[in-house]
Amino acid sequence: MSDIPRGPVARTAKLASLPLGFAGRAAWGIGKKMTGFAESVISEKVQQRTAEQLFSVLGQLKGGAMKLGQALSVFEAALPDHLASPYRAALTKLQDAAPPLPAASVHKVLAAELGDDWRDSFTEFDDSPAAAASIGQVHKAVWGDGREVAVKVQYPGAGDALVSDLKQLGRFASLFRILQPGLDIKPLIAELRERVVEELDYNLEAEAQRAFAKAYADDPEIFVPDVVAGARRVIITEWAEGTPLSQVIASGTQEERDLAGHRLSTLHFSGPERAGLLHADPHPGNFRMTDDGRLVVLDFGAVARLPQGLPAPIGPLVRLALAGEAEQVLEGLRAEGFIPEDADIDADAVLEYLLPMLDPIATDDFQFSRSWLRAEATRLANPKSEAYAMGKQLNLPPSYLLIHRVTLGSIGVLCQLRARASWRSILEQWLPGFAEPSKKPKSAK
């Protein structure tokens, strides 16, 4: 194919080819199993068929459809192993690979963005993509000065595809609930719609990557490749070698998985403090691990701009919750808009709702796991549970929506990694107000 399907009619027809009939029943069956309503589960053959068609359709469409699939792929860790296994391999493909576009289409974009003489800027250019993702694919090349570079080229029609998909995907919520029972897909799509259009302008991505590269220059833990050149639909950065994070998840040693998880968490919490930005796309396809133990960050199309860092109340409220200060936590949540002003909510009940989520930072050592995430998903999604009832009474202020989504995504990856570390120490260093007032956080590099 020369480009991705652009028109809403063509893309909606493609989405409609998803097996919604049995997928809806599968989602309901899995949801009942997750929340304890029934013992029946969907057959492995149906699951495998759904997974294969899900990847095929989302991968071919790219655009918003594939981006939503990538955003959801990190949540497969919340499903029981016997339910998740048919989906895991298909979803992992969405994290760092997709059906590529032919060289002729790539060349047209390069000529339109860099000029007809675009080849003169390179001494070598590999027409076979090194990676393909939601709105662009990456080619390895050698820049005129001899540097190996990564050339990301946006798919023709990506803009139209994004707009079309994010208008249509809400109709397919039942299918995506297979991946995460209890997840309300519509707010996620709305939030993606607001943010994802920014990713179409690679000039904005280049600006964000330069900010991260400057903030983490010569950092011993995190490596951000420098931006070499770019345009609206092409971005050229230094090439970075490393082991894909998906490979670490699949076959890394415990030590390698622990280190990768520690680095990912450090990026999540230190970015707002050091760069004024939150890396907002934590799926494994965006990361590599170098031989010397650094996390390579490859994609900066999705970022949250936080010039003042993370919201100031987060750190103190988390610290107060761990200290059991229920009334102060209730007051702080109400002030931030998490609890309606006129809502009559018991402070101890709120604390009981929150504390299990804070288990990873309640001690100096914690191992993330699929079983822990499944337990939390079940606790929060079961309509018969007190936690479910409490969750219905709480708000998520718009200013926290992206932070919340990215944090959940990062937790999903940590559970895939089964990473163990002192997560508490990372927050003590990088989350303002979390450390005890008497404890001075470690200084930045």
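Here are some friendly notes on this predicted model, taken point by point.

1. **Ground rules.** This is a predicted model, in which local features need pLDDT of at least 70 and side-chain atom pairs count only at pLDDT 80 or more, while totals for chains, interfaces and linings use all residues. Residues are numbered from 1 along each chain as its sequence is written, and side-chain values use heavy atoms, with hydrogens and water left out.

2. **The chain overall.** You will find 20 helices and 14 strands in the chain. Both are DSSP runs numbered from the N terminus (helices are H or I with at least four residues, strands are E with at least two). Of the 445 residues, 54% count as buried; buried means under 20% relative accessible area, exposed over 50%, and partly exposed in between, with a 1.4 Å probe and protein chains only. Among contacts with a separation of 6 or more, 73% are between residues 24 or more positions apart, where contact means heavy atoms within 4.5 Å.

3. **An open sheet.** Four strands line up in the order S5-S11-S10-S8, with mixed pairing, to form an open sheet. Two strands pair if DSSP finds at least two bridges between them. Strand S5 (222-223) and strand S8 (243-244) are at the edges with a single partner strand each, so one side of each has no neighbour in the sheet. S5 pairs with strand S11 (residues 295-297) in the parallel sense over two bridges, and isoleucine 222 stands opposite leucine 295 in S11.

4. **The helix on that sheet.** Helix H12 (residues 254-274) packs on the sheet and touches S5, strand S10 (287-289) and S11; the directions of H12 and S10 make an angle of about 135°. For such angles, axes are lines fitted to C-alpha atoms, for helices over the stretch in contact, and the values run from 0 to 180 degrees between N-to-C directions.

5. Leucine 264 is found in helix H12 and counts as buried at 3% relative accessibility. Not counting residues up to four places away in sequence, leucine 264 touches Phe287, Leu295, Ser410, Val413 and Leu414. Neighbours within four places in sequence aside, threonine 266 is in contact with Glu221, Ile222, Gly271, Ile426 and Trp430.

6. **A partly exposed glutamine.** Glutamine 247 sits in helix H11 (residues 245-251). With 44% relative accessibility, glutamine 247 counts as partly exposed. Glutamine 247 and glycine 285 are 38 residues apart in sequence, and their C-alpha atoms are 9.9 Å apart in space.

7. **A hairpin.** Strand S6 (residues 227-230) and strand S7 (residues 234-238) run antiparallel and are joined by three bridges. Three residues lie between S6 and S7 in this hairpin, and glycine 230 stands opposite isoleucine 235 in S7.

8. **How do H13 and H14 meet?** The axes of helix H13 (residues 314-322) and helix H14 (residues 326-336) come within 9 Å and cross at roughly 155°. H13 and H14 are therefore roughly antiparallel to each other (angles under 35 degrees count as roughly parallel, over 145 as roughly antiparallel, 65 to 115 as roughly perpendicular and the rest as oblique). The contact is made by Leu317, Leu320 and Ala321 of H13 together with Gln328, Val329, Gly332 and Leu333 of H14. These residues divide into five nonpolar, two polar and no charged; Ala, Val, Leu, Ile, Met, Phe, Trp, Tyr, Cys and Pro count as nonpolar, Asp, Glu, Lys and Arg as charged, and the others, Gly among them, as polar.

9. Seven of the nine residues of H13 are buried, so H13 is largely enclosed by the rest of the structure. The buried residues include Ile314, Val318 and Arg319. Their cover includes H14, helix H15 (347-354), helix H16 (359-362) and helix H19 (398-417). Just after H13, glycine 324 takes a positive phi of about 80°.

10. In helix H20 (residues 423-430), six of the eight residues are buried, so H20 is largely enclosed by the rest of the structure. Those buried are Trp423, Arg424, Ile426, Leu427, Glu428 and Trp430. Among the elements covering them are H12, H13 and H19.
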